[in-house]
Amino acid sequence: MGSQQREQTSLSKRSCILVLGMHRSGTSALTRVLSLAGAALPADLMGPSVGNELGHWESKRIVAFHDELLNSLGSAWDDWRYLDLSNISAENRAKLKLNMNKVIDLDYGDATLFAIKDPRVCRFASILLEVLDEAGIDVRIILPFRHPLEVCESLKKRDGTDLTQSVLLWLRHVLDAELASRGRTRVCISYEGLLADWRGTLDHVSSTLKVDWPHDIDSVAPQIDAFLSPNHRHQAHDHAVLSSKPLLAGLVADTLHNLEKIAESGDSDET
């Protein structure tokens with residue numbers, strides 16, 4: 001689908017905002033803001049937990065399904081290794097897609113505009129995109145990202161994950177998500193930007209994805225202001241720290257730089 005066709009796509013049919021971001025990268029905060037703007041949340045909503053006291057804003061049912069999927073492929077949410085989806089037989093892929101579609105229907109029913117968020121999806125986004133496409137659902141994608149060292153420190157605090165594994169997990173999720181979403185209607189945003197200026201971020205999402213929010217933003221602004229706070233960003237780093245740590249230089253620094261370029265200027269042949 002060409003860019004002009006994507007811009008002309010309307011929200012007259014069912015639409016999904018798919019949040020494709022690494023764990024601990026502000027995906028929960030973003031999804032809650034989307035829901036306050038009017039995007040439907042799943043029926044089987046996961047509650048708050050240690051390390052995410054304000055809520056995950058994702059489906060318990062969908063997360064359980066995705067954990068089973070990863071397990072069946074010999075993987076897990078904290079596995080950074082490449083997931084070869086070509087190993088899934090045509091028969092099993094068809095069954096998987098059918099079951100995935102059923103889970104989505106259970107959670108979202110006939111909602112006109114809804115948000116799907118689960119960081120695990122980054123690993124197999126191509127399958128979910130096939131399911132949504134075949135269901136006739138218009139997909140708009142948000143790629144939220146966060147400074148990799150902040151993600152690593154957050155994972156260390158919550159799960160005790162060491163730096164090397166966390167860095168590899170960050171790379172795996174953000175690179176897989178970026179690749180799977182190429183050529184799609186998408187926007188890239190930073191967690192830092194969301195906390196600093198949620199109105200500007202939401203306007204950017206709306207204009208790039210061509211979404212008219214069901215709720216009046218001024219009317220829900222007090223709720224969003226009460227929910228979001230820069231104090232929720234417990235780790236904060238700038239680019240300088242990347243060059244000071246060999247593990248974060250090179251590919252990691254380049255990846256962060258390119259995500260920031262996409263967030264600022266959109267997609268181009270150079271990013």
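Predicted model: local features only at pLDDT ≥ 70, side-chain atom pairs only at ≥ 80, totals over all residues.
Student: How many residues of the contact of H3 with H4 are charged?

Tutor: On the H3 side, the contact has Arg61, Ile62, Phe65 and Leu69. They meet residues of H4 including Leu96, Met100, Asp107 and Tyr108. The contact divides into 8 nonpolar and 1 polar, and the number charged is 2.

Student: Now H7 and H12: is their crossing left-handed or right-handed?

Tutor: The axes of helix H7 (residues 163–180) and helix H12 (residues 251–265) come within 11 Å and cross at roughly 40°. Trp170 and Leu171 are among the H7 residues in the contact, and Thr255 and Leu256 among those of H12. As for the handedness, H7 passes H12 in a crossing that is left-handed.

Student: Nice. Which are the edge strands of the sheet?

Tutor: The sheet is open, with 4 strands in the order E2-E1-E3-E4 and parallel pairing. An edge strand pairs on one side only, and that holds for E2 (113–117) and E4 (186–190). The edge strands are therefore E2 and E4.

Student: And what is the bridge partner of Ser15 in E3?

Tutor: Strand E1 (residues 15–19) and strand E3 (residues 138–145) run parallel, joined by 5 bridges. In E3, the partner of Ser15 is Asp138.

Technical notes: Residues numbered from 1 in each chain as written. Heavy atoms only, no water. Contact = heavy atoms within 4.5 Å. Helix = DSSP H or I, 4+ residues; strand = E, 2+ residues; numbered from the N terminus. Nonpolar A, V, L, I, M, F, W, Y, C, P; charged D, E, K, R; others polar. Axes fitted to C-alpha atoms, helices over the stretch in contact; angles between N-to-C directions. Left-handed = near helix turned anticlockwise from the far one by under 90°. Pairing = 2+ DSSP bridges.
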